[in-house]
Protein chains: 2
Amino acid sequence: MVTLKDIEAAHERIRPLIHRTPVFTNSSLNKLSGAELYFKCDNFQKAGSFKIRGATNTVEQLTIEELNRGVATTSSGNHGAALSMAVTRRGGKTKVVMPNNTPEIKVNNVERNGGEVVWCEPEQESRESVLKELIEKTGAVVVHPYNDERIMAGQGTCAKELLEDYPDLDTIVSPVSGGGLLSGTLLSSKALKANIQVFGAEPVEADDAYRSLKLGKIVPNETINTICDGLRAQIGTLTFPVIADLVDDIITVTEEEIIDSMRMIWERLKMIVEPSSSITLGAILKNKDRFNGKKVGLIISGGNVDLDHLPW
Amino acid sequence: MVTLKDIEAAHERIRPLIHRTPVFTNSSLNKLSGAELYFKCDNFQKAGSFKIRGATNTVEQLTIEELNRGVATTSSGNHGAALSMAVTRRGGKTKVVMPNNTPEIKVNNVERNGGEVVWCEPEQESRESVLKELIEKTGAVVVHPYNDERIMAGQGTCAKELLEDYPDLDTIVSPVSGGGLLSGTLLSSKALKANIQVFGAEPVEADDAYRSLKLGKIVPNETINTICDGLRAQIGTLTFPVIADLVDDIITVTEEEIIDSMRMIWERLKMIVEPSSSITLGAILKNKDRFNGKKVGLIISGGNVDLDHLPW
C-alpha cells in the first residue's frame, strides 16, 4: 500500500531530475466555469507529460544488474518516452511496445529519448502478448505504465506540488486511464488534506474505470474509440482498489466536449494540451453546479499532440 | 527620453494588473542551438501578449476627462486587445482601427475585451488616415501602439522581469516591428546591465528597422508580405533613435525560418507562440556562431494565433 511517506520519498528522489511545473490561472475560463481554476501544467514537464515522475521514481530504484538486462514496457507513448528518458540517463536500454495507431509525435518522443519501439495492435491483449514475448526473449525488466506502486507514488508528486502551491484548493480533477495518475493524486491529496474532493475524468468512449467503480469490480473497456490516445488503457489491479476506496466520483466526458475544452485551453491559456488532459476542463464545464464557487485544481497531464492532425 | 526610473515607475503602476510571466527552458533546444535559451513567456500574459504592459501603463495615467472622450488606436490586434482591456477596466470605451486582413482571433480578442473594431486597409497610410478621421469626428484620445514614451516604458518591464529572474544573461533577442518592445527592452536591459547584448529580430519581408539601422535614418517597409501579423508596422520616430543608439544588431529572418522555429517551440515547449515571437528563435538558429555558449533571453511577445489557419 502506497503511503504519503512513499510519495514524499519519491519526490525527494526525483526532484532534481524533473521540472517543478507552473500552475496557471485564467480569468475568462473562471468566468465561464463559475469556479476558480488552477491548471497544474505537467504538459510542460520533461518528456512532455507527468509520466516522467513515476518512471524516474522507478528507474532510480533499479539495480545495475536490472538495468543491464534492459528495460521494457507497453505504452501509448508518454510513459514510453518518459521511461526511455529515465533509463537513458542511467545508461540503460529501453524497448517500448506501442500500438500501431500511436500519433507520430509520441513515437518520435520515444526515439528521441533513446528508446526502441516494438509495434503491437491497439487492443490491450495485443499489448500484453507482445510484451510477454519480448520479456521471454530478452529477460528485460518490465516497468509497467501504471500497475506498480513505485509508479503510483511518483505520479502522486504532481498533486503534492499543486497543494504545496495552492493549499486551499477544494477539489482536484485528474484524468483516469490505467489509474496511475488518479490513484497517486488520491493518495497524496487525501493524505495532505482530509476534506479535499477528488474526481476522475474519463472518456465516455473508454469508460472502464467509471463502470468498474459503479459495479464495485474491474470490468474491461467496451470501446477505446476516443481521441484521448493517453486514456485507452485498462484500469489496473493495484490502482483500482485505491480509486474505489478514495475517489469522490468519476465523470465521463464525450468526444465533442473533450475537443471543445482542448480548443478552449489552447486559445485562452496559449498552451498545448492533449485531449487526454483537456478532459478535466470538459468534466468541469458539463457539471458547473458541482464545482460552482470552488477552487478547483486540474491535472494537465501532457502536451504531446500531433500538430499535423488537430481535431478541428 | 525614457529612463530606467520611468520603467521602474511603470512596473510599480502595472504590477498588480498584469501577470508575472514565467521563464521556460528546454534542454533539446539548448542542444540544437548550442546556447542556453531562456524564453520569457509573455504569450501567457493578460490579453495574450506583452502589449498589456505599455497599454496599462498609459491608460492608468489618463485623466477622467481624457477617458470620457474615448480612447482610439490603430493595431494589428494585440495592442488593440490590450488597450481595450486596460480602458474597459477603468470604465472607458475603445475604438480600434484594424487592417481587414487581421486574423479572426485578434479581432475576437479586441471585442472580448470590450473594444470596438473600425476597419482599414493593411497599408500604413490607410491605418493612419482612418484613425485621423476617427479622431476628428469623435475627439478620442489616441494611444499609439508604440510611438509613445509611456508605451515604451511599459514594454521595458518585460526585459526587466527577465533580468530580475536571470541576472546573468549575456544576450537578449526581441522581435522588432514599430519598435516599442525593442526600445523598451534596450532601455531597461542596458541600464540594468551595461555589458548585455541586445538584438532585434525582424522578418526579411518587413525589414524597415534593419534597413533604417544600416542607413542611419528611417526608411519605410518595401513589403509587409510576412506571416508575422504583429511585425508589419513601421518603425517609429521615438523608438528608432533609441534602437539606433543602443541595439547591437538587427537580424532578419525568412518566412520559412520563422515557421520552422514556431513549430519547434510548439512541439518542444508545448506552448502556443505567434510567428512574430518565434522569429527570435529563428534569429538564433541561423546565427549559431554569434550565440554559441551564451545565456540568451528570448522575448516571447505573444500567443494569439488563429488555430484554424496554421502555417504547416
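Colleague: Helix axes here are lines fitted to C-alpha atoms over the stretch in contact, with angles running from 0 to 180 degrees between N-to-C directions. With that settled, at roughly what angle do the axes of helix H8 and helix H9 of chain B cross?

Modeller: Roughly 50 degrees, and the axes of H8(B), residues 149-165, and H9(B), residues 180-192, come within 7 Å. Bear in mind that this is a predicted model. Angles under 35 degrees count as roughly parallel and 65 to 115 as roughly perpendicular, so H8(B) is oblique to H9(B).

Colleague: Thanks! Is that crossing left-handed or right-handed?

Modeller: The crossing of H8(B) and H9(B) is right-handed. On the H8(B) side the contact includes B:Ile151, B:Met152, B:Cys158 and B:Leu163, while H9(B) brings, among others, B:Leu181, B:Thr185, B:Leu187 and B:Leu192.

Colleague: And how do the residues of that contact divide by class?

Modeller: Nine are nonpolar, eight polar and one charged.

Colleague: What about H5 and H6 of chain B, how are they oriented to each other?

Modeller: The axes of H5(B), residues 78-89, and H6(B), residues 104-112, come within 8 Å and cross at roughly 10 degrees. That makes H5(B) roughly parallel to H6(B). Their crossing is left-handed.

Colleague: Which residues meet there?

Modeller: From H5(B) there are B:Asn78, B:Gly80, B:Ala81 and B:Ser84, and they meet B:Lys106, B:Asn109 and B:Val110 of H6(B). By class that contact has two nonpolar, four polar and one charged residues.

Colleague: Let's hop to chain A. What does H5 span there?

Modeller: H5(A) has twelve residues, 78-89, and runs 17 Å from first C-alpha to last, close to the 16 Å expected at 1.5 Å a residue. Just after H5(A), A:Gly91 has a positive phi of about 85 degrees.

Colleague: How many residues of H5(A) are buried?

Modeller: Ten of the twelve, so to speak a mostly covered helix. The buried residues include A:Asn78, A:His79, A:Leu83, A:Met85 and A:Val87. Among the elements covering them are helices H3 and H6 and strands E3, E4 and E5 of chain A.

Colleague: Nice. I also had my eye on A:Leu162; why does this residue count as buried?

Modeller: A:Leu162 has 26 C-beta neighbours inside 10 Å, and the cut-off for buried is 20 or more. A:Leu162 sits in helix H8 of chain A. Beyond its neighbours within four places in sequence, A:Leu162 is in contact with A:Val23, A:Tyr38, A:Lys40 and A:Gly297.

Colleague: Last one: how many residues does each chain give to the contact between A and B?

Modeller: Chain A gives 16 residues and chain B gives 16 residues. On the side of chain A, helix H12, residues 255-269, gives the most, with three residues. The chain A side divides into nine nonpolar, three polar and four charged residues.

Methods. Residues are numbered from 1 along each chain as its sequence is written. Chains are lettered from A and ligands numbered from 1 in the order in which they are written. This is a predicted model: local features need pLDDT of at least 70, side-chain atom pairs count only at pLDDT 80 or more; totals for chains, interfaces and linings use all residues. Helices (H or I, at least four residues) and strands (E, at least two) are DSSP runs, numbered from the N terminus. The expected span of a helix is 1.5 Å times one less than its number of residues. Two residues are in contact if their C-beta atoms, placed from the backbone, lie within 7 Å. Ala, Val, Leu, Ile, Met, Phe, Trp, Tyr, Cys and Pro count as nonpolar, Asp, Glu, Lys and Arg as charged, and the others, Gly among them, as polar. Angles under 35 degrees count as roughly parallel, over 145 as roughly antiparallel, 65 to 115 as roughly perpendicular and the rest as oblique. A crossing is left-handed if the near helix is turned anticlockwise from the far one by less than a right angle, and right-handed if clockwise.
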